[in-house]
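Student: I am new to this structure and would be grateful for a close look at its loops and their backbone.

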Amino acid sequence: MPRRLYTCTPSRLNAWLDCPRRYRMTYLDRPSPPKGPPWAHNSVGASVHNALANWWKLPLEERTPEAAGSLLLRGWLTDGFKDGEQSARWRSRARAMVERYVAKIDPADEPVGVERTVATRTSRIAVSGRIDRLDERDGELVVVDYKTGRHVLTADDARGSLALAIYAVASSRVLRKPCYKVELHHLPSGGVASWEHTEESLGRHITRAEQIADEASAADEAYKASRVPRPRTGDAPPAVDHGPWDELFPPRPSNLCSWCDFARHCPEGQQAAPRKDPWASLTAAEAETG
């Protein structure tokens, strides 16, 4: 029989790399364990991404920095902030961020895609994902990914990104144009971290994605084979005997544990790094910049 392809996204592959236990809770457990409260930095990132995506939908004559700021204000997300005052401060910061960014963009330089979904497959995986922006420059495609985090990014971040490499390969195959360059646009600093891949380096990333998928797929199948639902009692959802999952999905305690949505369900993770407050990263950024 033909081997079934492992269907995934770059996020799913990276979740397995980061922590198999969190991977299991996110993608396999049903019902999945309750998550903690939403993160404020995710609200900032989503608000900025949405504003930049909607800016390209405006008529050409309306694509101004002020319009980008207005879109940010209208679509501002408030989840996870400490209070209204902190939300208002970051809304103002984010508005300045997107206005400063689009001021450097030629509004007539229409991207090939904005929030564009691309997909590809190999003999082992079927992978898809959504690109923030896909440009065409000198006959070649360029993958652009927006970043709003505190840390300034480098070319090594672009070179080592599994997601960007997958997007480059998928874009090239879908649109039938070469795509080797990937860029991380860091809005807080205005910097651009870029990397020019080769066929060989993209091939290494795809091989790596297949290896990750092989590990995750084997664990998925073992989980499904031994997951035995118990009889339903009344209106309560059926209890599930999860078995010895630590062997298949071992916790991987790290500094990421304090940001994990499932931290309260993982004693090892809590011990390694207690869950931070939802607004902690933004408070730290404010302290750094004054």
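Tutor: A residue is called buried under 20% relative accessible area, exposed over 50%, and partly exposed in between, computed with a 1.4 Å probe on protein chains only. At 74% relative accessibility, Arg176 counts as exposed. The structure is a predicted model, in which local features need pLDDT of at least 70, side-chain atom pairs count only at pLDDT 80 or more, and totals for chains, interfaces and linings use all residues. Residues are numbered from 1 along each chain as its sequence is written, and side-chain values use heavy atoms, with hydrogens and water left out.

Arg176 sits in the loop between helix H7 (162-175) and strand S5 (179-186); here helices (H or I, at least four residues) and strands (E, at least two) are DSSP runs, numbered from the N terminus. The backbone of Arg176 has a positive phi, near 55°, although the residue is not a glycine.

Asp138 belongs to the loop that joins strand S3 (125-137) and strand S4 (140-147). Its phi is also positive, at about 55°, and Asp138 is not a glycine either. With a relative accessible area of 85%, Asp138 is exposed.

Another loop, between helix H2 (20-27) and helix H3 (40-55), contains Pro31. The peptide bond leading from Arg30 to Pro31 is cis, with omega near 0°.

For a residue within a helix, one may turn to Ser281, which lies in helix H11 (residues 280-289). Ser281 is buried, its relative accessible area being 12%.
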